[in-house]
Amino acid sequence: MFMPADSQWMARALQLAERGLYSTSPNPRVGCVLAKGDAVVGEGWHERAGEPHAEIHALRAAGNRAHGATAYVTLEPCSHHGRTPPCADALIKAGVARVVAAVQDPNPLVAGQGLEKLRAAGIKVEFGLMETSARELNIGFIARMTRGMPWVRSKIAASLDGRTALNNGASQWITGEAARQDVQHWRARSCAVLTGIGTVLADNPQLNVRTVQTTRQPLRAVVDSALRLPPDARLQRQPGMVVYTASADADKVTALQKAGTQVVALPGMHGEVDLRAVLRDLATRGCNEVLVEGGSRLNGGLLQAGLVDELVLYLAPQMLGDMARGMARMHELTSLEQRVSLDWQDVRHVGRDLRIVARVKRG
């Protein structure tokens with residue numbers, strides 16, 4: 001049975017966890033508050049992978065005051081030795097009396113074992129408080145742990161009639177500066193930015209985070225079935241890039257590798273790249289959230305394969321007409337049962353444009 005104070009301190013723990021939005025990958029974003037009655041005695045959040053977890057920061061801040069306190073943690077304390085010792089052991093050693101966790105850790109190495117270890121030590125354990133908010137904060141980590149795939153978020157900038165570029169390929173800029181700045185935040189929280197070779201050849205993008213303060217850059221990934229990526233593309237000016245291809249052209253592979261790009265062959269049907277295999281490979285690289293910034297072909301392929309989880313649509317107050325390029329090139333649908341159905345999550349103005357966040361309905 002949760003008390004009003006429990007919600008207050010868990011809300012604070014979630015605020016702390018959000019501070020790691022851009023920095024904790026591949027680890028989850030976690031916050032911890034240690035409280036006695038109506039007073040906080042210590043708090044902390046996980047800042048970067050390989051560094052102390054949220055519970056350790058909170059315990060260090062609390063010192064001896066942690067004894068008899070309640071620990072509010074947004075994710076079940078870990079019970080295994082990774083790059084850092086188990087947080088469950090640290091909580092037991094500090095003598096906390098109660099642990100309230102928002103959600104169980106989906107990592108198979110933990111998966112309830114941390115809570116059980118705490119119970120076995122005589123600590124009162126409860127979980128499920130503000131679980132929905134905690135899951136949202138770590139939606140990519142949970143996806144990777146439970147299905148072996150990252151959370152895939154596709155960003156599309158379009159006119160009000162759903163057109164992303166003129167028929168000649170011109171697309172800069174359909175949406176305004178505020179929308180383009182907003183995209184930087186989606187990039188910063190993502191582990192990888194995925195695009196197609198058509199977008200690279202047309203726009204020569206960088207796909208890096210430029211206006212948001214962050215300690216890391218997302219991996220840049222390109223779907224390039226025939227290895228048409230120029231060795232001098234701007235994408236390759238920074239380390240951290242992988243190209244997924246269906247080509248076995250050794251000369252092209254060598255040229256890209258000399259430019260510092262990793263090339264991974266994942267051939268699928270009809271000479272194309274296996275998109276599902278691409279996402280599984282990104283998951284093995286520790287990618288929790290993947291932001292797709294591609295053209296209509298990549299968007300369509302991912303949508304029809306059921307690989308997109310969420311759309312972030314920026315709609316500009318303009319019309320480009322039927323001859324302009326659409327959002328997603330898909331095979332012709334012969335029945336409305338084949339459509340991609342969405343659930344609205346958020347609608348708001350960003351500058352002069354409208355931003356819509358929608359999630360793909362499963363089943």
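## Disulfides and cysteines

A disulfide is a pair of cysteine sulfur atoms within 2.5 Å. By that criterion, this predicted model holds zero disulfides.

Two cysteines illustrate the result. The sulfur of Cys-87 has its closest cysteine sulfur in Cys-78, and because the separation is 3.7 Å, the two are too far apart for a bond. Cys-87 is also buried, its relative accessible area being 0%. Cys-287 likewise takes part in no disulfide, the nearest cysteine sulfur being that of Cys-191 at 5.2 Å. With a relative accessible area of 3%, Cys-287 is buried.

## Overall architecture

The secondary structure of the chain consists of 11 helices and 16 strands. The chain has a radius of gyration of 23 Å, close to the 21 Å that the globule rule gives for 363 residues, and it is therefore as compact as a globular protein of that length. Along the principal axes, the C-alpha atoms occupy a box of roughly 70 × 45 × 40 Å.

## Burial, surface and contacts

Of the 363 residues in the chain, 51% count as buried. The accessible surface amounts to about 17000 Å², and carbon and sulfur atoms contribute 51% of that area.

The contact pattern can be described by separation in sequence. When contacts between residues at least 6 apart in sequence are considered, 69% of them join residues at least 24 apart.

Asn-138 is placed in the loop between α5 (131-137) and α6 (139-147). Its relative accessibility is 5%, so Asn-138 counts as buried, the cut-off for that class being under 20%.

Which residues does Asn-138 touch, if those up to four places away in sequence are not counted? The contacts are with Pro-28 and Arg-29. Arg-29 lies 109 residues from Asn-138 along the chain, yet the C-alpha atoms of the two residues are separated by 6.3 Å.

## Aromatic rings and charges

A pair of aromatic rings is described by the distance of the centres and the angle of the planes. For pairing, ring centres of Phe, Tyr and Trp must lie within 6.5 Å, and by this rule the count of aromatic pairs is zero.

Arg-19 lies over the face of Trp-45, at 4.7 Å from the ring centre.

How values were computed:
Residues are numbered from 1 along each chain as its sequence is written. This is a predicted model: local features need pLDDT of at least 70, side-chain atom pairs count only at pLDDT 80 or more; totals for chains, interfaces and linings use all residues. Side-chain values use heavy atoms; hydrogens and water are left out. Rings of Phe, Tyr and Trp (its six-membered ring) pair if their centres lie within 6.5 Å; planes under 30 degrees apart count as stacked, over 60 as edge-to-face and the rest as tilted. A charge sits over a ring if NZ of Lys or CZ of Arg is within 6 Å of the ring centre and within 35 degrees of the ring normal. Buried means under 20% relative accessible area, exposed over 50%, partly exposed in between (1.4 Å probe, protein chains only). Helices (H or I, at least four residues) and strands (E, at least two) are DSSP runs, numbered from the N terminus. The radius of gyration is taken over C-alpha atoms; the globule rule is 2.2 Å times the number of residues to the power 0.38. Contact means heavy atoms within 4.5 Å. Accessible areas come from the Shrake-Rupley method with a 1.4 Å probe; for residues, only the protein chains shown count as cover.
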